[in-house]
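These are my notebook entries on one structure. I set down what I looked up and the terms I used.

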Amino acid sequence: MMSTYKHYDLGNNSSLLYFEKFLDGKHAAEYLQSLDSNLPWTRPTLTIFGRKCEQPRETCYVADKGLPMYKYSGYQPVVHKWDDYPVLKSIVDAVHLALPSDKFNSVLINRYKSGNDYAAWHADDEKLYGPTPTIASVTLGTEREFLIRRKGNKSPQINSNTHKPAVADKQNINNAFDVLITNSAQQTCKPKRKSCDVLTVGKPSGELYSFMLKHGSLFVMKGYTQRDWEHCVPKRKRASGLRINLTFRYINHER
Ligand SMILES: O=C(O)CCC(=O)C(=O)O
Ligand SMILES: [Fe+2]
């Protein structure tokens, strides 16, 4: 499978690639089942603005030995080993074939058990990834919406004055926990979706893209996407099923 992809140029050296049919159905189903039952999932406690909150999804982290430790929202995940999870090795091998000029040495895996689980607006802009990380995201299971918007435009206007802002100002947080994505934000984004898988909303002052990430797809964020943009997976009441997402990253370990 794989090979064909769509490319989205976000400007200023930020870009996205989307391989809708990255894995064939048989492998995708097998990987989903295996990861769901074999990974040591945890639902950690995060610290957001000094408050402790349970992360609204489960997580597992796997990385090469000896890398600088990854930490987000006050939480340092336990590092598991590639060798214990051959399925992860198969998936990262497939990602390396699709993206021959990139190399990944860690993966953060998220498990959304239902539409109530979600990921808040954030950017994967930790220093240990360097200024222009390539982040490769493989999705298995239930299709969920993935939103990406330019930083500093927290209230993108949908087609100027005919709609309310997609996201209210009080939602201006930039981390991995989000109690603040409200129904109104979701509804405002939703009716504008077209049959194509990507949507451009608004003009340069308020850009918001929406992708429905398919079972077995590969989505890639490149260049300055983490510096200049942020992304989230909002709650979706009607998306009831399990979704597992793997984000492959490269941690610099030269001093
Ligand atoms: O679940 C997803 O599609 C995205 C997860 C994510 O953004 C992350 O792990 O940093
Ligand atoms: Fe992310």
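I take contact to mean heavy atoms within 4.5 Å. The model is predicted: local features need pLDDT of at least 70, side-chain atom pairs count only at pLDDT 80 or more, and totals for chains, interfaces and linings use all residues. Residues are numbered from 1 along each chain as its sequence is written, chains are lettered from A and ligands numbered from 1 in the order written, and side-chain values use heavy atoms, without hydrogens and water.

Entry on Asn110. I located Asn110 in strand E6 (residues 106–112); strands are DSSP runs of at least two residues, numbered from the N terminus. Beyond neighbours within four places in sequence, I found Asn110 in contact with residues including Trp41, Glu58 and Arg243. Its side chain makes a polar contact of 2.9 Å with that of Arg57. A polar contact is a pair of N or O atoms within 3.5 Å; within protein, one must be able to donate a hydrogen and the other to accept it, and residues adjacent in sequence count only if both atoms are side-chain atoms. Asn110 counts as buried because its relative accessible area is 7%; buried means under 20%, with a 1.4 Å probe and protein chains only.

Entry on the iron ion (ligand 2). I noted His122 (NE2), Asp124 (OD) and His231 (NE2) coordinating the ion at 2.1 to 2.2 Å. Donors are N, O and S atoms within 2.8 Å of the metal (3.2 Å for Na, K and Ca); water is not among the atoms, so sites may look incomplete. His231 is buried, at 5%.

Terms used. Buried means under 20% relative accessible area, exposed over 50%, partly exposed in between (1.4 Å probe, protein chains only). Helices (H or I, at least four residues) and strands (E, at least two) are DSSP runs, numbered from the N terminus.
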